[in-house]
Structure formats: C-alpha cells, structure tokens
Amino acid sequence: MINLTVNGSKVSVPVEDHTPLLWVIRDVLGMTGTKFGCGIGQCGACTVHVDGEPRRSCLTPVSDVADHDVTTIEGIGATKSGKAVQDAWLDLEVVQCGYCQSGQIMSAAAILDMNPEPSDADIDQGMSGNICRCGTYVRIREAIKQAGKAVASK
Amino acid sequence: MLLDRIKAAGGGVSRRRFLQAGAAFGGGLIVGWVEAAEAQETGAVDAGVTAFTPDAFIRIDREGKVTVVSPSIEMGQGTYTSLPMLVAEELDVDMSEVAVAHAPPSDKLYGNPALGGAQITGGSAAIRGFYKPLREAGAAARRMLVRAAATKLGVDPSELTTANGQVIHAKSAQKIGYGALVDEAAKLPVPTTLALKEPSQFRVIGTPAKRLDGPEKVNGTAKFGIDAQLPGMKIAAIAISPVFGGTLSSANARAALAVPGVQQVAKLDDAVAVIADHYWAAKKGLEAAQPVFDGGRHAQLTTADVVAALAKASERDGAVGKKEGDAAGALASATTKLESTYENPFLAHATMEPINCTVQVSDDGCDIWVGTQVPANAQLAVSKVLGIDRDSVRIHNHLLGGGFGRRLEFDFIVQAARVAQQAKVPIKVIWSREEDIQHDMYRPYYYDKISGGLDAEGKLVAWKHRIVGSSIMARFFPAAFKDGLDSDAVDGAVELPYDIPNFFVDYVREEPPGIPTAFWRGVGPTRNAYVVESFIDELASAAKKDPFEFRRELASNNPRARHVIERAAALSNWGTPLTGRKGRGMSVIFAFGTYLAEVAEVSVADSGEVHVDRVVAVVDCGQVINPDTVEAQLQSGIIFGISATLWGEITLKDGRVQQSNFDDYRVLRIDEAPKIEIEIVKSEEAPGGIGEPGTSALAPAVLNAVYAATGVRLRKLPIEAAQLRSS
C-alpha cells in the first residue's frame with residue numbers, strides 16, 4: 001500500500017512500487033484526464049505536477065511520489081496559473097482533438113509558476129517536450145503569453 | 001471529384017432521404033432525415049417515425065435545450081461546432097443553447113450524402129455533405145414551432161418571427177420559448193417546402209463560434225475511447241506478430257499469470273493479450289509471457305523490395321484517369337522535355353491517443369466503447385466475427401484523440417471483440433505506442449513517373465503522369481475501384497487548377513506484400529500535390545520563368561485559383577531577396593472543393609537540416625461556416641505536413657516496421673514550428689472541405705523552397721539532409 005496526495009486528497013493504492021504514477025492515476029484511481037501517449041517520456045501527454053514541478057507520470061514509479069503532493073489536470077484549475085492557462089486556452093480556442101491538452105496545460109502552468117512573462121525561448125524550452133499532432137502550437141504560444149499577463153496582473 | 005466518383009459508383013443509388021419529425025420519448029420534438037425505405041413521403045408522424053425515433057439530427061426538449069446528434073464524429077477538426085452552427089442558423093437559437101451528442105451506428109440515419117450515404121467521417125466531407133440537410137432540418141423544426149405558436153396564440157404564422165429560441169409576436173408583444181411549443185409542434189406535419197436563409201441573412205454561419213467541446217478539453221473531463229470505464233472492467237496489453245501476416249507460436253501463460261494483478265491470457269491467431277487489473281500489470285504480464293511468433297511468408301520483406309516492385313510495375317500501362325488531347329504526340333514534338341520520378345514513403349498516423357477499444361460480450365450481444373470514424377462499418381464487422389445480429393452490436397462512440405485516417409479502420413475493434421469474447425467482463429485493450437506505430441495501416445508507398453513538354457515560348461503543352469501504388473479503395477470502398485482505376489489514387493492529379501492542352505494520367509495498382517495500407521490525412525491529393533506541384537516548379541525552372549508567374553499563367557482561366565496564387569505571393573513578399581541558404585516555395589491545389597495556395601519559407605543549415613520558418617496560406621473554401629475552424633485546420637494541416645515532409649517515413653526490414661515511438665518516428669515540436677499566416681477569401685460559393693487541404697499543399701511548397709535555397713531538387717520524401725549539406 002502506497003500513500004500519496006492527489007489534488008489535495010489522501011489516497012492509498014494497493015500496487016507494486018514500480019508501477020508508474022500514470023497507471024495508478026488512470027486505472028486505480030479512475031481519473032482519466034491524465035493521458036497515455038508514448039510510455040517513454042517523449043510526448044508529455046501524461047504530465048502532472050509533483051510538489052508543483054512538472055513530471056512525466058508514465059516514467060515516475062509511484063513509490064517516488066509516496067507522501068508527496070500530486071496535482072493533475074482535474075485539480076490544476078484550483079491554482080492561479082492553472083486557471084489562467086485554462087481560461088486563455090478557451091479564449092484563444094487552442095484545443096482541437098484535445099488529447100494532448102491536459103499535458104500541454106500542466107506544462108504551461110509550470111512555466112508560469114516560474115515566470116509569468118516567459119520569452120519565446122522560455123516557452124520553447126518548457127513546452128518542447130509536449131507533442132501535439134493537431135498542430136496547436138501557434139495558439140499554445142499565444143495562450144501562454146496571454147495567461148502570463150493574467151497571472152502577473154493578479 | 002472523389003466524392004462524385006463514389007456516388008457514380010453506386011454508393012448513393014436509390015438512397016432517397018426524407019425529412020421526418022415526431023415526438024421524442026418523454027416529450028420534445030425531434031427532426032431528422034431518414035432513408036426512403038423507412039420514411040413516409042408525406043412526413044406524417046406515426047408508423048414511419050418509429051424507426052428513427054431513438055435519435056435524429058435535432059432534439060428539442062421541453063426546456064428548449066437543443067441537442068444536435070452529430071452525424072460526423074469530432075476528432076479535432078471542429079465538426080462538433082460547425083455542424084451545430086448549421087442547425088442554430090436556421091432554427092434561430094443561440095449556440096450557447098445547443099449541445100452535441102455522439103450518433104449511434106446507422107448509415108440510414110447518419111450516412112453522409114457526400115460519401116455515398118455511408119456513416120463515415122473523412123475526406124473533409126462533413127460540411128460538404130451536411131451543409132444543406134442540417135440546415136433543412138433546422139428550418140423544418142423552426143417552421144413547425146412557428147405553426148404551433150400560431151395555433152396557441154390564434155394568429156397567422158406570417159405575423160410571427162423567431163430569435164434566440166423564441167417565437168415572437170411583435171404586434172401583441174408576446175414571446176413563447178421553443179420548449180413550451182415542442183409537444184404541439186411534434187404533432188404537426190413536416191413542411192414539404194423549405195426556404196433556407198440567404199447568405200446575407202446569416203448571423204451564425206460565417207462568424208467565429210466557440211468550440212462546444214472546448215471546456216471539457218481543458219479540464220480533463222472530455223472522454224476519449226481510452227477513458228471508458230465500466231464496472232468490473234479489466235485492462236489488456238497486447239503483442240501482435242511483428243511480421244505482418246505472421247502467427248502466434250507460443251506464449252507462456254503461466255509466467256504471465258504469476259505477475260501480480262494479471263487475471264487472464266487470451267490468445268488470438270496473430271496476437272496474445274494479457275488481461276489484468278490495470279495496464280501496468282498487463283504490460284508486465286505480457287513481457288513475462290515472452291510471446292514467440294512465426295513470421296510466415298513475408299518475414300524477409302524490406303522497403304527496397306517494395307520499391308523495386310513498384311518501379312517494375314511503373315513499366316506497365318495503367319488504367320486511364322484522364323486523357324485530353326495527345327500527350328504522347330505533344331511530348332515528342334515539344335521543344336523542351338522533362339521527365340522525373342517521385343517517391344512517397346510509407347507513413348504512420350501516430351494519433352496522440354494510442355489505438356484502444358473496450359468491449360463487453362454478453363448474452364444479449366456486444367457493447368463497444370471506442371472512438372471511431374466508421375461506427376456503422378465497425379458494427380457490421382464485429383457482428384460478422386461474433387456471428388450475431390448487427391443490431392446486437394452496440395457502438396458507443398467517443399471523442400477521437402486524433403483520427404487522420406487511422407480510425408477509419410476497425411481492425412483493432414474486431415481484435416478487441418475477439419479478446420473480449422474470451423472474457424466474462426468488459427475488456428479495454430490498449431496498444432502500446434510501439435504496437436500503434438508497428439501495426440498501423442500505413443499510407444502506401446507510391447512511385448510516380450511524370451513528364452512534361454514546353455514549347456519554344458516556354459508554355460506547358462504536354463503532361464503525362466503515371467501513378468503507381470496500393471489501391472486503398474479496392475479494399476475500403478470496392479465500388480470506387482473500377483476497371484483498375486482507384487479514384488482516390490488519382491485524386492488531385494486529374495483535376496488541376498491549370499490549363500494543359502495535352503494531358504494524360506494513368507494508374508497502376510501494385511500492392512506491397514502483406515503490408516496493410518490505408519487513408520492518411522489529405523488522401524490522394526496529398527500524395528499527388530507533392531508530385532504535381534514539385535514538377536510544375538521543375539517546368540517553371542526549365543522555362544526560365546518565376547514559379548509564381550508560371551503558375552499564374554497556367555491558371556489564367558481559373559479566377560479562384562489565380563486569386564489565391566496572387567494573394568499568397570503578395571502576403572509572402574514573393575520576389576523580395578532572402579539572405580543565406582533561405583528560400584521560398586509555392587504550391588497551389590484544388591482539392592476537397594477548396595482552392596489553396598501556400599508559400600513556405602525555409603532555412604537550410606550547413607548540416608542539411610531544413611527548418612520551415614514561415615508558411616503563408618491563402619484559402620478559398622467557398623462559404624465559410626466557422627472562420628476560426630478554417631484557420632485552425634490550416635494551422636493544423638500545415639504542421640502535420642511539415643512533420644511528414646521533414647521526417648515522416650516508415651521503413652521495413654525482415655518483414656517488420658523499424659520505427660516504434662516518437663523517438664524514431666519524429667514529429668514536429670513547438671520549438672520547430674513556423675510562423676503561420678492565413679488569409680481566408682470571402683466567398684458564397686459552395687463550401688469546400690478544410691480538414692485536409694493544409695496538409696496536401698505543404699510538402700511541395702517546402703521542397704520548392706529548398707530548391708530555391710540550395711538549387712537541389714528533391715524527388716523523394718522525407719527530406720534527406722545528406723543531399724543538402726553545404727560543402
């Protein structure tokens with residue numbers, strides 16, 4: 001049994017230590033907003049926050065996050081940057097198929113937590129690990145900048 | 001063109017459809033289309049309506065909430081917003097009052113008239129197929145609500161207007177919400193003649209509407225097929241024979257079952273699935289099972305074998321796609337003659353949502369939770385495999401985490417049904433990304449020979465194009481494969497936006513042994529535009545003309561094409577100098593009913609690596625429904641096209657696919673994305689498709705830009721950096 005905190009709730013999961021956090025979230029806890037994309041940390045669809053830092057949950061053994069705070073897409077709207085990113089995403093109509101967007105939003109919120117006025121280079125660095133096959137990159141870039149303004153002004 | 005051919009091939013024969021309306025279960029009005037066999041031409045509401053009562057295009061409940069049961073599925077292309085917009089326009093409701101629902105499988109109720117009446121989402125055909133029927137359904141519902149209100153108020157219908165989901169009687173200052181009228185409206189006959197709005201009256205169509213699927217996609221609540229959850233459900237990981245057509249020799253079930261959480265091992269002829277409490281346990285169980293496969297007769301196949309067979313096939317005469325004038329004669333007498341060979345690689349779709357399907361087989365049939373572009377086809381296929389009635393197979397469609405043609409296929413749905421058949425609980429089969437890449441159904445390798453002739457003034461007088469490759473239509477839609485001609489294989493090669501007096505296109509079918517082939521974003525036009533528009537550039541160069549001017553002259557009798565060409569040139573600063581190893585390239589296409597010109601600006605590094613810096617796109621897709629979607633789809637198509645042009649390639653060795661994941665099947669990332677500028681031509685012409693053209697036009701624009709930057713003409717995709725190294 002491993003104890004962790006997910007979106008503020010304490011949970012205990014009966015899985016082996018090496019089980020990736022992704023499958024604990026999806027198949028054991030039944031929270032499906034966090035997505036499986038590649039399983040090797042190449043695409044970023046599974047991005048969550050652990051103690052506020054972005055992590056690829058497909059490569060994170062659940063035992064690594066025992067007794068840590070995990071935030072998923074279902075909980076990120078409760079944070080200032082997460083809410084700002086979701087609002088900007090809707091305002092600029094970023095999503096298409098939407099499958100990668102949970103991961104994109106988690107990565108974007110993490111960038112703004114560090115710096116609400118990211119340069120293009122900062123965005124490239126923070127977002128290049130997140131693949132979008134629908135090609136929403138142009139709008140993602142704009143939405144992060146817009147969200148940053150909202151974060152900075154609050 | 002393709003769509004016409006499907007219709008001509010019999011897809012649409014005798015499929016007369018009639019508007020029907022009636023009462024919804026539990027109250028409310030439903031309006032939709034139904035095939036003649038189940039319709040009553042009078043539009044009466046009793047017997048005939050029963051067959052389509054469970055669902056229709058439009059449902060209006062007693063609260064006035066409008067639900068559009070979308071005949072096309074949402075896979076990112078914005079169809080769950082643009083199709084409801086058509087209804088909202090004619091029904092006079094605000095988009096905020098409209099919800100959208102997935103359609104169950106039924107060609108009869110949800111078949112796309114532009115796709116031979118089949119319930120298929122593909123070919124950039126949703127708007128083209130449903131532009132009129134959905135508006136008519138909305139207009140019919142509105143008329144019935146108005147008549148119900150007229151009776152209620154005791155006034156003539158001509159005194160009534162509608163707005164924002166209400167019928168308004170201005171004279172008496174009375175308003176009645178649609179919800180209060182639905183039960184009476186449902187008893188009325190369906191109007192036999194319907195006046196649709198003129199474009200000048202549009203207030204929804206042509207304006208940017210917010211995506212109805214936006215909110216759920218930013219907070220994690222959107223449900224894709226992979227998100228299906230059912231009581232008692234177990235998860236399966238699967239290993240399929242790495243060689244196509246191979247069979248399962250052995251799998252160690254005992255070792256798999258020893259892994260904690262593993263419940264069952266299900267063997268198929270060509271695969272083994274390990275079923276467990278969660279995916280990780282299933283994956284570990286699969287590893288423990290150490291499956292062994294017998295590759296069978298294709299176990300030695302390489303890409304080179306496929307290409308050699310195509311090259312040999314290109315010596316055969318093909319089925320004629322189009323013949324005008326005397327191409328051979330004109331070529332022989334041309335002042336300048338060019339001849340080139342172009343090659344298109346195998347491509348995987350690599351949708352972000354890996355292939356998956358959830359199935360429960362029970363005593364009363366089979367339930368399937370999946371995201372599919374072909375619910376009715378999938379239903380039929382599973383009913384055959386399980387040997388049960390078609391109606392006993394219930395498909396619960398979901399949002400698609402990308403389609404691009406991959407989810408036009410039901411191989412994985414049938415496979416999941418075979419696995420679930422061996423279990424007593426619902427089984428969700430999830431393919432690893434490696435299985436997804438290595439057991440895709442691939443865009444086929446194509447091999448084209450093309451020649452052209454110029455007269456003494458550099459005018460294009462002869463054109464001969466031979467297209468060689470797999471026929472997807474022969475398998476997918478046999479009626480569209482006639483006398484050796486695959487209508488998709490030549491789509492985008494036969495109807496050029498140019499005047500060429502002596503013109504000949506033929507097609508030679510040659511199948512890669514054992515390799516499953518399928519549609520891929522942009523279908524025929526994507527493959528053909530790359531060849532045609534690259535070769536047009538070669539001819540311009542041979543004629544010593546500017547590639548833009550050369551195209552403009554060729555399109556001089558085609559005003560829509562000429563306009564997008566000229567606007568793309570102007571917006572891209574065509575002709576202004578660029579420094580270093582940079583260049584601009586143009587392409588223009590007429591495909592999916594849409595005219596599109598793209599100009600790509602590229603930088604070529606000394607290493608030969610190509611970066612696309614900027615893409616300008618000017619589109620004339622006729623009447624625009626949602627301009628925001630048109631822009632988004634062009635951005636999307638361009639990015640998708642860049643991935644394929646720069647890196648997209650599936651190769652074969654020892655009968656198996658060599659690529660496996662995003663580390664070796666590279667796709668574009670945000671730091672590699674170009675600036676994209678889009679201009680949409682204002683038009684009231686019939687709406688064209690928009691999901692695919694952006695991809696179709698991209699590769700030749702980039703290759704032509706590479707030529708402008710380096711002087712090197714590439715005739716094989718993807719770009720090979722070694723050929724572009726600076727010495």
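Predicted model: local features only at pLDDT ≥ 70, side-chain atom pairs only at ≥ 80, totals over all residues.
1. Helix 3 and helix 6 of chain A. The axes of helix 3 and helix 6 of chain A lie 8 Å apart, and the packing angle is about 135 degrees. Helix 3 of chain A is therefore oblique to helix 6 of chain A. The crossing of these two helices of chain A is right-handed.

2. The loop between helix 3 and helix 4 of chain A holds A:E93. Although A:E93 is not a glycine, its phi is positive, at about 50 degrees. Most residues other than glycine have a negative phi.

3. The sheet of chain A. Chain A has an open sheet of 5 strands in the order 2-1-5-3-4, and the pairing is mixed. Strand 2 (9–13) and strand 4 (53–56) of chain A are at the edges; each has a single partner strand, so one side of each lacks a neighbour in the sheet. On average, with direction ignored, neighbouring strands are turned by 40 degrees against each other.

4. Strand 3 (residues 47–50) and strand 5 (residues 69–71) of chain A run antiparallel and are joined by 2 bridges. A:H49 is opposite A:T71, a residue of strand 5 of chain A. Helix 4 of chain A packs on the sheet, where it touches strand 3 and strand 4 of chain A. The direction of helix 4 makes about 40 degrees with that of strand 3 of chain A.

5. The contact between the chains. How many residues does each chain bring to the contact? Chain A supplies 45 residues and chain B supplies 49 residues. On the side of chain A that touches chain B, at least two residues come from each of helix 1 (21–28), helix 2 (73–76), helix 3 (80–91), helix 4 (101–114), helix 5 (120–127) and helix 6 (137–153) of chain A. Helix 6 of chain A gives the most to this side, with 4 residues. By class, the side of chain A that touches chain B consists of 22 nonpolar, 16 polar and 7 charged residues. The model has an ipTM of 0.98 and a pTM of 0.96.

6. Helix 3 and helix 5 of chain B. Helix 3 (residues 79–91) and helix 5 (residues 126–153) of chain B pack with their axes 7 Å apart, at an angle of about 35 degrees. Their crossing is right-handed. Among the residues in contact are B:L83, B:L86 and B:V87 of helix 3 of chain B, and B:I127, B:F130 and B:L134 of helix 5 of chain B. The contact of helix 3 with helix 5 of chain B has 12 nonpolar, 3 polar and 4 charged residues.

7. A cis peptide bond in chain B. The bond from B:L717 to B:P718 is cis, with omega near -5 degrees. B:P718 belongs to the segment after helix 21 (698–710) of chain B. Most peptide bonds are trans.

8. Confidence along chain B. The mean pLDDT of chain B is 94, with 95% of its residues at 70 or more. Which stretches of chain B have pLDDT under 50 or below 50? Residues 1–14 of chain B stay under 50, and the model has 31 contacts beyond four places in sequence for them. Residues 37–54 of chain B are below 50 as well, with 32 contacts beyond near neighbours in sequence.

Notes:
Residues numbered from 1 in each chain as written. Chains lettered and ligands numbered in written order. pLDDT = per-residue confidence, 0-100. Contact = placed C-beta atoms within 7 Å. Nonpolar A, V, L, I, M, F, W, Y, C, P; charged D, E, K, R; others polar. Pairing = 2+ DSSP bridges. Axes fitted to C-alpha atoms, helices over the stretch in contact; angles between N-to-C directions. Left-handed = near helix turned anticlockwise from the far one by under 90°. Parallel < 35°, antiparallel > 145°, perpendicular 65-115°, else oblique.
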